[in-house]
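Hi,

Here is the structure I promised to pass on. Have a look at it first, and then read my notes below.

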Amino acid sequence: MATTCRISPIRALAAPRAHRALVVMALLWLAMVVSALCRPLLPIGETRYVSVAWEMWAGHHFWVPVMNGAPYADKPPLLFWLIHAGWAVFGVNAWWPRLISPLASLLALVQLYRIARGLGYAPAQARWAPLVLLTLLLWQLYSGALMFDVLLSACLLGAIAPLVSGAFDARRALACGLWLGAALLAKGPVALVTFLPILATSPCWRAEPLSGAQWRRVLGALGLGSALLLGWALTAAWAGGGEFARMLLWGQTVDRLHDSMAHARPWWWYLPWLVVLLFPWSLWPSAWPGLPRRRHQRLAWFWTLPALAVFSLISGKQVHYLMPVLPGVALLVMDRLTRPSCSGSASMKPASLKPVALALAGLGVAVSGALVFGVGAVDTTLISPFGAVLLIGLGALLWYQPARNTLATARTLAVACTASVVIVVQVMLFPLWQRESVIGPAELIGSLQREGVPVAYVGGNYQATFQFAGRLRTPLAPVSDSRALCRFRTAHPEGWAVGRTRTLTPWLEGHALRRTFLYRSGTLVVLPIGTDVRPNASESCP
């Protein structure tokens with residue numbers, strides 16, 4: 001008679017080896033924090049969000065987000081409130097906003113570990129879920145960015161954790177509702193795209209299905225979370241005025257859906273990206289999940305597939321929309337890496353790391369080729385060749401790594417992936433970050449405003465790019481073209497203008513006071529445009 005192989009997960013994963021994952025995870029998280037602090041806030045997204053927080057802070061607009069002096073309806077206020085909380089403690093600074101996403105990432109790692117333990121995984125197994133999440137390429141990149149998606153994911157994990165196991169009592173219902181409300185205040189109703197499928201399928205993956213009384217508490221938690229969002233939204237809509245109310249309560253749903261359909265991406269757009277976004281685990285067969293054979297393995301599938309399907313059906317698509325799906329992917333990979341087997345569980349011989357090594361070295365070779373043969377499109381003012389060489393070396397080092405057991409190889413893979421991200425972000429792209437910084441022009445604009453000089457931005461909506469870096473108290477006057485700039489000059493003879501060189505070309509000749517700054521793919525210029533300054537004949541003012 002055939003015997004059934006049963007190996008204790010605790011015996012299969014020795015405690016000292018399990019704690020290595022914790023040490024590795026701490027070091028990788030610290031590397032991510034240092035990486036986030038060592039680059040500037042990037043336009044247009046990061047500079048816009050910190051500038052919204054600054055305008056709220058400077059104008060004492062706690063309840064209604066403000067950009068360029070007008071109510072800003074695109075995002076809920078949780079991120080801005082967290083920036084204010086740090087400024088209230090440490091004073092206004094640039095480093096605290098950069099730390100919010102890394103700290104939210106750390107919170108998400110802790111919550112994911114709690115979820116894995118609630119599903120019944122041993123501590124030595126459960127530690128691998130946050131380690132896998134931390135090393136997913138998409139998670140690493142956005143955990144150092146001042147954006148909403150990692151914060152949203154951390155709050156969603158807090159709402160999901162009380163649902164995983166045990167009786168859903170009043171205390172857990174309160175925690176679930178508060179975390180759900182935080183998720184809704186982080187990025188709006190999109191939080192429900194991930195949360196509702198997990199909740200609806202709970203009878204399929206919970207060890208003890210929720211009773212009738214517990215389902216009533218679930219509804220109460222949903223009501224609490226929704227009330228937190230509506231309480232802010234309705235009050236802000238009343239305080240922000242009619243146009244802001246329309247954009248907040250209607251424009252961010254119906255209008256945005258209509259506009260995204262006009263620029264729709266196909267339903268399959270996310271699929272080719274998955275290999276890149278789930279790197280390095282997507283290229284290592286030992287991490288590829290199998291079908292769920294037990295109840296506790298089903299949650300990860302219900303976490304990932306329904307949300308991916310919904311995001312694919314929505315016409316507007318961005319890669320970071322998938323961020324709340326990544327913890328489910330981490331559970332799938334963790335289950336595969338630590339699944340016991342008759343051959344010795346995680347000590348079985350792993351698949352080769354050569355596909356991952358080839359991808360890293362291939363990226364370095366591609367960048368080197370672009371620097372040599374790019375004919376000026378890519379040069380050393382944008383990319384460091386030293387970073388490309390390091391990436392090739394890292395790929396070669398990984399190629400010759402000896403085959404060990406699965407978990408030891410997985411740790412090697414995690415470290416190599418994090419090292420590759422640090423090389424790309426901090427070494428290869430270092431020259432680019434110097435062009436992305438807005439500190440130089442923003443400080444000049446700020447000094448002009450403090451002297452009472454009006455400043456216009458030529459080129460339309462500048463998304464509050466300079467507001468925080470220059471600590472501006474007044475929005476720049478938006479000017480769309482040279483004719484409008486002439487009108488601004490007539491109204492403000494002492495005024496200055498800021499814009500790309502291509503938009504200010506007629507005004508550049510003979511300006512001894514003009515200042516130029518490398519900015520993104522071109523040059524930014526700040527110059528006076530008083531009545532004693534004449535544009536050239538092709539663009540004369542009346």
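**What I found**

Arginine 500 has leucine 524 in β7 as its bridge partner. Strands count as paired here if DSSP finds at least two bridges between them. The strands themselves are DSSP runs of E, at least two residues long, while helices are runs of H or I of at least four, and both are numbered from the N terminus.

Before going on, a word on where this comes from. This is a predicted model, in which local features need pLDDT of at least 70 and side-chain atom pairs count only at pLDDT 80 or more, while totals for chains, interfaces and linings use all residues. Residues are numbered from 1 along each chain as its sequence is written, and side-chain values use heavy atoms, with hydrogens and water left out.

**The sheet and its helices**

The β5-β7 pair belongs to an open, mixed sheet of 5 strands, in the order β4-β3-β5-β7-β6. At the edges are β4 (477-479) and β6 (515-519), each of which pairs on one side only. From one strand to the next, the twist averages 20 degrees. For such angles, axes are lines fitted to C-alpha atoms (for helices, over the stretch in contact), and values run from 0 to 180 degrees between N-to-C directions.

Two helices lie across these strands. Helix α22 (residues 439-450) lies across β3 (455-458), β5, β6 and β7, at about 145 degrees to β6. Helix α23 (residues 482-491) lies across β3, β4 and β5, and its angle to β4 is about 140 degrees. Contact, here and below, means heavy atoms within 4.5 Å.

As background, most residues other than glycine have a negative phi, and most peptide bonds are trans. Which residues go against that here? Glutamine 463 has a positive phi, near 55 degrees, and alanine 464 also has a phi near 55 degrees. Glutamine 463 sits in the loop between β3 and β4, and the place of alanine 464 is in the loop between β3 and β4 as well. Buried or exposed? Glutamine 463 counts as buried because its relative accessibility is 18%, and alanine 464 is buried too, at 0%. The cut-offs are under 20% relative accessible area for buried, over 50% for exposed and partly exposed in between, using a 1.4 Å probe and protein chains only.

There are cis peptide bonds to look at as well. One joins proline 43 and isoleucine 44, with omega about 10 degrees; isoleucine 44 is in the loop between α2 (15-37) and α3 (45-58). Another runs from phenylalanine 279 to proline 280, with omega near 5 degrees. Proline 280 lies in the loop between α15 (270-277) and α16 (298-313).

Serine 282 is also in the loop between α15 and α16. This serine 282 is buried, with a relative accessible area of 18%. Leaving aside neighbours within four places in sequence, serine 282 touches Leu274, Val275 and Trp288.

**A buried leucine**

Leucine 199 is in helix α11 (residues 191-200) and is buried, at 6% relative accessible area. Beyond its neighbours within four places in sequence, leucine 199 is in contact with Leu163, Trp215, Val218 and Leu222. From leucine 199 to leucine 163 is 36 residues in sequence and 7.9 Å in space, C-alpha to C-alpha.

**Cavities**

How many cavities of 30 Å³ or more are there in the whole structure? The search finds 3. A cavity is a set of points, on a 1 Å grid over the protein atoms alone, where a 1.4 Å probe fits but cannot get out; lining residues have an atom within 4 Å of a point. The volume is the space filled by probe spheres set on the points, which are joined across faces, edges and corners.

The largest cavity has a volume of about 90 Å³. Of its 14 lining residues, Gln297, Ala300, Leu331, Leu332 and Asp335 are the closest to its centre. Helix α17 gives the largest share of the lining, 4 residues.

**The whole chain**

Overall, the protein chain has 24 helices and 7 strands. Of its 542 residues, 53% count as buried.

Enjoy!

Note on methods:
On a 1 Å grid over the protein atoms alone, a cavity is a set of points where a 1.4 Å probe fits but cannot get out, and a pocket is an open set with protein on both sides within 12 Å along at least five of seven lines; lining residues have an atom within 4 Å of a point.
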